[in-house]
Structures are given as C-alpha cells and as structure tokens.
Amino acid sequence: MAYSEHVRIDLHIHSTASDGTLSPPEIISLAHSLNIGAIAITDHDTIDGSKEAFTLDIPPSLKLLTGVEISVSSNPSLFYTGSFHMLGYSIRLDDPVLNRTLDMLQEARRNRNPRIVNCLNNLGINLSLKDVADEFGEGQLGRPHIAQLMVKRGFVKSINEAFDKYLGTGRPAYIDKYRLDCGRAIEIILAAGGIPVLAHPFFLYIENKDRFEDFIVNLKELGLKGIEVYYSEHPPDLTAFYVEIANRYDLLITGGTDFHGSIKPDIKMGSGRGDLFVPYSLYENLVRFAHK
Ligand code: AMP
Ligand code: FE
Ligand code: FE
Ligand code: ZN
C-alpha cells in the first residue's frame with residue numbers, strides 16, 4: 001500500500017499550553033514513537049504550543065503543521081446546541097492580528113477563572129486559583145484544570161463528575177466565556193495564511209441533517225475550507241455523512257483524535273479510542289491546498 005494510505009496522522013492534539021497534559025517536546029517524541037506521519041498541536045485559543053514545537057528538533061519522518069482551535073459563537077441564524085470550535089491549520093504563527101486576537105481570548109479566560117472558583121467556594125468547595133496555578137503552572141488554565149484539582153482534593157471522584165455536577169454548561173459553577181464570532185475566526189485564520197476547518201461537527205449537536213447541511217453552506221460562504229470528518233467520538237454513520245457533505249461542497253477533509261494526555265485517558269494519540277485511522281493523504285491534501 002502507498003505511504004499516504006497506510007501511515008496515520010493526528011491533526012488534533014492539545015498540549016500543556018492549553019488543557020493537554022503533555023508538553024510540545026513530549027508530544028513530538030510520543031508521535032515519533034507511534035510512527036505517526038504528521039501532527040498539529042491545536043490548543044484552545046492559543047498558539048504557544050505550536051510556537052514551541054517549531055523551535056524543536058523534529059525527526060524528518062514526522063511532519064508538523066501549525067494549528068489552533070478557537071472556541072467560537074454565531075448569530076442565532078446558525079443554530080446549534082452543543083459546542084462550536086474552529087480549527088486553523090498552516091497559519092503564520094507571527095501574524096499580528098491572530099496573536100492579538102488570541103491574547104484577548106486568553107484575557108477573557110483569565111477573567112473567568114476567579115468567577116468559577118468563587119462559585120465553587122460558595123458551594124462549599126474550598127480551593128483557590130493559586131492552588132490551581134501551583135498544580136498546573138503558568139499556562140492557560142480552565143475548567144479541566146479546576147476539575148483535576150477537585151478530583152485530587154476528593155471533592156469529586158472524576159473529571160466527568162466535576163463537569164456534570166459543577167462546571168458543565170448550566171451547572172451551578174458554570175460561567176460563560178467570551179467567544180469569537182465564527183465569521184471573524186474564519187477571517188482571521190484566512191488572513192494569517194491558514195485553513196479554517198470546522199472541528200468535531202458531531203459536538204455541535206445539530207440533529208437534523210438538512211439543518212447541518214445549511215450550517216455548512218453558511219460557513220462555506222464565510223470562508224470555511226474544511227471539515228474535521230475523522231474524529232475519536234464520531235459514530236461511523238455520521239463520519240460517512242460528513243464525507244458526503246465535504247465532497248458535495250468541495251471542502252477539505254481532516255481528522256484527529258483530540259488527544260489531551262491523561263486528562264482524557266481513553267483517547268490515545270493517533271488512534272483515539274483504538275479504531276481511528278486518519279491517512280497521511282489528508283495531510284498532503286491540506287499542504288497542497290495551503291500552497292495553492
Ligand atoms: P474551558 O476551555 O475552560 O471552557 O473548558 C473546556 C474544555 O473542558 C473542553 O475543551 C474539554 O477539553 C474539557 N471538557 C469539557 N467537558 C468535559 C467533561 N465532561 N469531561 C472532561 N473534560 C471536559
Ligand atoms: Fe480541551
Ligand atoms: Fe474542541
Ligand atoms: Zn480539541
């Protein structure tokens with residue numbers, strides 16, 4: 001079989017720059033040891049992980065794409081009930097507008113954390129933001145880090161329980177965060193020379209297939225270039241549907257696991273829940289598109 005069809009890639013990986021538990025050097029060496037052909041570090045609202053990765057010695061058999069995963073919102077004409085994330089690939093890491101925008105999103109996250117901790121304190125869960133920072137360092141902190149500390153301190157048994165009882169949408173310690181408009185995110189990614197790709201469409205929770213198709217048509221008008229079709233949590237029938245939609249609208253197909261290290265222990269780099277295989281040819285298509 002040709003290299004491009006039998007070698008796997010993973011274009012959705014979180015590092016310690018957001019809520020992953022492996023640093024960029026650890027990600028590179030794990031990817032190499034798993035014989036993965038290409039990866040992208042796609043942290044939530046930050047490119048610090050991608051920036052660090054590009055300063056490292058990378059084995060020639062492992063290709064690295066720049067990446068980011070931006071949490072976005074939309075106007076009510078684009079209806080969904082789940083979470084809406086936009087991936088950006090092959091972006092210029094020194095693009096000033098991209099960097100300024102991500103700094104602003106980081107600031108919004110920093111403002112949100114004390115409010116979450118305050119809610120938890122009022123619910124009798126005594127921990128401080130300093131405790132969280134002491135545990136996880138100075139990188140971007142968010143709900144997953146707070147959840148991990150809650151597990152460690154015995155307030156809950158698992159990260160899932162922390163989200164289900166306290167931190168998840170609509171739960172008593174839930175605080176909404178500022179999100180970039182999806183059209184603006186697409187525009188900023190394009191202006192940074194990048195390729196905007198809709199992340200894990202399954203998590204939008206758009207149940208009606210026609211509605212989903214309309215959603216894609218609208219995003220394509222805004223400049224969307226691809227769909228993350230292959231993903232750890234995508235059921236097979238939906239994967240097939242996403243392939244069909246991507247082909248119908250001439251959108252690139254990408255794939256990745258959403259690897260977070262030990263914070264999501266069921267998801268393995270390169271293979272997700274064990275059966276995910278994203279072929280190298282999809283990386284080649286992305287690169288070919290980026291250089292057009
Ligand atoms: P934040 O970035 O602070 O809004 O937190 C969102 C992140 O929390 C997501 O990207 C996931 O990585 C993680 N997350 C959300 N729900 C859960 C859950 N039920 N269990 C574990 N992690 C979760
Ligand atoms: Fe995450
Ligand atoms: Fe995501
Ligand atoms: Zn992700």
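1. Helices (H or I, at least four residues) and strands (E, at least two) are DSSP runs, numbered from the N terminus.

2. Before going on: this is a predicted model, where local features need pLDDT of at least 70 and side-chain atom pairs count only at pLDDT 80 or more, while totals for chains, interfaces and linings use all residues. Residues are numbered from 1 along each chain as written, chains are lettered from A and ligands numbered from 1 in the order written, and side-chain values use heavy atoms, leaving out hydrogens and water.

3. Who holds the zinc ion (ligand 4)? H12 (NE2), H14 (NE2), E69 (OE) and D258 (OD) do, at 2.1 to 2.2 Å. Donors here are N, O and S atoms within 2.8 Å of the metal (3.2 Å for Na, K and Ca); water is not among the atoms, so sites may look incomplete. The iron ion (ligand 2) is 5.0 Å from the zinc ion (ligand 4).

4. E69 is buried at 0% relative accessibility, and D258 is buried too, at 7%. Buried means under 20% relative accessible area, exposed over 50%, partly exposed in between (1.4 Å probe, protein chains only).

5. Strands pair if DSSP finds at least two bridges between them; β2 (residues 38–41) and β3 have three.
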